[in-house]
Amino acid sequence: HKNWIIMSGILYLIPTPIGNLSEVSPRIISTIKEVDFVACEDTRNTSKLLSLLGLSKTCVSCHEHNEFGESEKIVNQILNGKNVAYMSDAGYPCISDPGSILVKKAIENNIKVVPLSGPNAFLNGLVGSGIDSSHFLFYGFLDPKESKRKSELEKLKNIEFTLIFYEAPHRIMDTLKSIYEVLGNRQICVARELTKVYEEFIRGDVKSIIENYESFKGEMVIIVEKNQENT
Ligand code: SAM
């Protein structure tokens, strides 16, 4: 007597290195080996990473511009029994990166979602900053337009939690100026090039950092101390 019910597969969410390739865990490697295919933000970047790890696996693209359509197809494959790993270009999928639409669709279809642990930029930045990590708000990227960025910061101004932002090097100085103008002269940390050779934590009040630096290179996280008015 045969059971013809097709068992649905699993969606694995796999974090990728934010710089240091040795942060790929044995579990990540064995999961990539076991899945039927990898869905990813950028097939070229992920294929390159997989070949550096000595792995080869079919990669299909599922990024912010095609995530609605592609996630439908991926979910159907999982419902047909395929196990799939989703990977973004760096760090955790779904954290300022694509993946959330796929996860939502998988859950709507009763698919089991299994996130693996691994590298993430804002947690490294926070724990190395020396700024209070008991309560924090991870915001991600502020808007590139000054007026919008400042109104976003206005909403965060009174929050009594540490604030964490992602930023790109060509916008960091403008963003620090907005932080100074809206949030005041708070203690901050710019954590750059995390897990890489030139990893650096620049700590101080935002005014002195603006005065002492013309620019910052590389990738960076900004950690800002909480509103201190009531302490
Ligand atoms: N999904 C990623 C994660 O879990 O951290 C974040 C992806 S987001 C598109 C990229 C931003 O993360 C960069 O602009 C930078 O703010 C931050 N970032 C990524 N790698 C970093 C690193 N090695 N050092 C500092 N910040 C980094």
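Residues are numbered from 1 along each chain as its sequence is written, and side-chain values use heavy atoms, with hydrogens and water left out. Because the model is predicted, local features need pLDDT of at least 70 and side-chain atom pairs count only at pLDDT 80 or more, whereas totals for chains, interfaces and linings use all residues.

View 1. The largest pocket has a volume of about 450 Å³, a volume being the space filled by probe spheres set on grid points that are joined across faces, edges and corners. A pocket is an open set of points on a 1 Å grid over the protein atoms alone, where a 1.4 Å probe fits, with protein on both sides within 12 Å along at least five of seven lines, and lining residues have an atom within 4 Å of a point. The lining comprises 23 residues, and those closest to the centre are Ala-90, Ala-121, Phe-141, Tyr-166 and Glu-219. At least two lining residues come from each of strand E7 (162–167) and strand E10 (220–224), strands being DSSP runs of E with at least two residues, numbered from the N terminus. By class, the lining holds twelve nonpolar, four polar and seven charged residues, where Ala, Val, Leu, Ile, Met, Phe, Trp, Tyr, Cys and Pro count as nonpolar, Asp, Glu, Lys and Arg as charged, and the others, Gly among them, as polar.

**View 2. The second largest pocket.** This pocket holds about 260 Å³ of space. Among its 13 lining residues, Pro-17, Leu-21, Asn-45, Leu-49 and Asp-89 lie nearest the centre, and the lining divides into six nonpolar, five polar and two charged residues.

**View 3. Helices H3 and H4.** Helix H3 (residues 67–79) packs against helix H4 (residues 100–108) at an angle of about 40 degrees, with the axes 9 Å apart; helices are DSSP runs of H or I with at least four residues, and axes are lines fitted to C-alpha atoms over the stretch in contact, with angles running from 0 to 180 degrees between N-to-C directions. Glu-67, Phe-68, Ser-71, Glu-72, Ile-74 and Val-75 of H3 meet Ser-100, Ile-101, Leu-102, Lys-105 and Ala-106 of H4, contact meaning heavy atoms within 4.5 Å. This contact has six nonpolar, two polar and three charged residues.
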